[in-house]
2 protein chains.
Amino acid sequence: MNTSDQLDTTFAALADPTRRAILARLASGEASVMELAVPFAMSQPAISKHLKVLERAGLISRGSDAQRRPRRLEAQPLAEANEWLEHYRQFWEASFQRLDDLLVKLKRNETAGKPKQRGRAKPHKQ
Amino acid sequence: MNTSDQLDTTFAALADPTRRAILARLASGEASVMELAVPFAMSQPAISKHLKVLERAGLISRGSDAQRRPRRLEAQPLAEANEWLEHYRQFWEASFQRLDDLLVKLKRNETAGKPKQRGRAKPHKQ
DNA sequence: TTTTAATATAACCATTGGGTTATACAACTA
DNA sequence: TAGTTGTATAACCCAATGGTTATATTAAAA
């Protein structure tokens, strides 16, 4: 699998809220399939399918404990995804900066004399 | 669209090599649909579909210049994706660290007396 | 005013994705 | 040994994805 294929399967695996929740759960330690399934209104086979997607992407691995097959997080593909994203950091930081500039300007017009804003004006989540 | 939906559509949009290549192209400036289509062995409507996916994810926007509808990069959703990934940084850095430790140990056994390795041992791309 | 260029949309097709239920299998427990 | 628990797999359904060709729309150029 080349880097591009790896990014395909990594991003595809991350494009599902159930799978992201599973990764979040595994961030606090390994867990069995049953344990992973509990929070979801979904059958056990559905969870097993999600786990297969995550495993094919290399985002989790499978252990063995009696009948259990505990999964644990394998974050390395996330490093590659992160590296890809990094190439675009300048672009989103530029847009944050434009937002800052705007907010500062508005603020100045509205309350001249008050202390200037400090730190970056983080935009609200949509 | 809540944050989770936004991540869904962002990651899904990124899970395709054609769309990632389009974003890479747009990183060096806006471009028309035709210009974007050139590098790909794919019909114009196929490209238009990809552009629609990127636009729905908020990753590009559409300008207007005569018959042309030039697209430009809108990197803000990438900031959110990056923020999500950041939560897992500790995990991939831990695995890099384990790899470092291993390499250093191997190196020591193999060539005792030579200078120690500096910086992080970056794993090869697969 | 007709033609050409750039883009969008419709209709279609094959494949994949995310879910289901039913069933198989492997490993503990009584 | 029989039952129970944990997980995987098979077969199926429906919706979504990624491509196609053909056609519509819009604006410029001749």
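Figure 1. Where pLDDT is low, the predicted coordinates should not be read in detail. Chain A averages a pLDDT of 87, and 87% of its residues score at least 70. Residues are numbered from 1 along each chain as its sequence is written, and chains are lettered from A and ligands numbered from 1 in the order in which they are written. Local features need pLDDT of at least 70, side-chain atom pairs count only at pLDDT 80 or more, and totals for chains, interfaces and linings use all residues, while side-chain values use heavy atoms, with hydrogens and water left out.

**Figure 2. Overall architecture of chain A.** The secondary structure of chain A comprises six helices and two strands; helices (H or I, at least four residues) and strands (E, at least two) are DSSP runs, numbered from the N terminus. From the N terminus on, the order of these elements is α-α-α-α-β-β-α-α. Of the 126 residues of chain A, 36% count as buried (buried: under 20% relative accessible area; exposed: over 50%; partly exposed: in between; 1.4 Å probe, protein chains only). Among contacts in chain A with a separation of 6 or more, 49% join residues 24 or more positions apart. Chain A exposes about 7700 Å², of which carbon and sulfur atoms supply 52%; accessible areas come from the Shrake-Rupley method with a 1.4 Å probe, and for residues only the protein chains shown count as cover.

Figure 3. A residue is near a strand if one of its heavy atoms lies within 4 Å of it. Of the 22 residues around DNA strand D, Met34(A), Arg62(A), Ser43(B), Lys49(B) and His50(B) come nearest. Sugar and phosphate make up 62% of the atoms of DNA strand D that come within 4 Å of the protein. Phosphate oxygens of DNA strand D are 2.8 Å from a polar backbone atom of Met34(A), 3.2 Å from a backbone N or O atom of Arg69(A) and 3.1 Å from an N or O atom in the side chain of Arg71(A). Helix 3 (33–37) and helix 4 (44–56) of chain A, together with helix 4 (44–56) of chain B, each supply at least two residues of this surface. Its residues divide into seven nonpolar, seven polar and eight charged (nonpolar: Ala, Val, Leu, Ile, Met, Phe, Trp, Tyr, Cys and Pro; charged: Asp, Glu, Lys and Arg; polar: the others, Gly among them).

**Figure 4. The protein surface near DNA strand C.** Ser43(A), Lys49(A), His50(A), Met34(B) and Arg62(B) come nearest of the 22 residues around DNA strand C. Of the atoms of DNA strand C that come within 4 Å of the protein, sugar and phosphate account for 62%. From chain B, side-chain N or O atoms lie 3.3 Å (Ser48(B)), 2.8 Å (Arg62(B)) and 3.1 Å (Arg71(B)) from a phosphate oxygen of DNA strand C. Two or more residues of the surface come from each of helix 4 of chain A and helix 3 (33–37) and helix 4 of chain B.

**Figure 5. The surroundings of Ile47(A).** Ile47(A) belongs to helix 4 of chain A and is buried, with a relative accessible area of 0%. Not counting residues up to four places away in sequence, Ile47(A) touches Val33(A), Ala37(A), Phe40(A) and Met42(A). The C-alpha atom of Ile47(A) is 7.8 Å from that of Leu36(A), eleven residues apart along the chain.

**Figure 6. Ser61(B) and its contacts.** Ser61(B) lies in strand 1 (residues 60–62) of chain B and, at 19% relative accessibility, counts as buried. Its side chain makes a polar contact with the side chain of Glu74(B) at 2.8 Å (polar contact: a pair of N or O atoms within 3.5 Å; within protein, one must be able to donate a hydrogen and the other to accept it, and residues adjacent in sequence count only if both atoms are side-chain atoms). Leaving aside neighbours within four places in sequence, Ser61(B) is in contact with Pro70(B), Arg71(B), Arg72(B) and Glu74(B).

Figure 7. Ala66(A), in the loop between strand 1 (60–62) and strand 2 (71–73) of chain A, has a positive phi near 55 degrees although it is not a glycine. Ala66(A) is exposed at 56% relative accessibility. In chain B, Ala66(B) also has a positive phi, of about 55 degrees, and is exposed, with a relative accessible area of 55%.

How values were computed: pLDDT = per-residue confidence, 0-100. Contact = heavy atoms within 4.5 Å.
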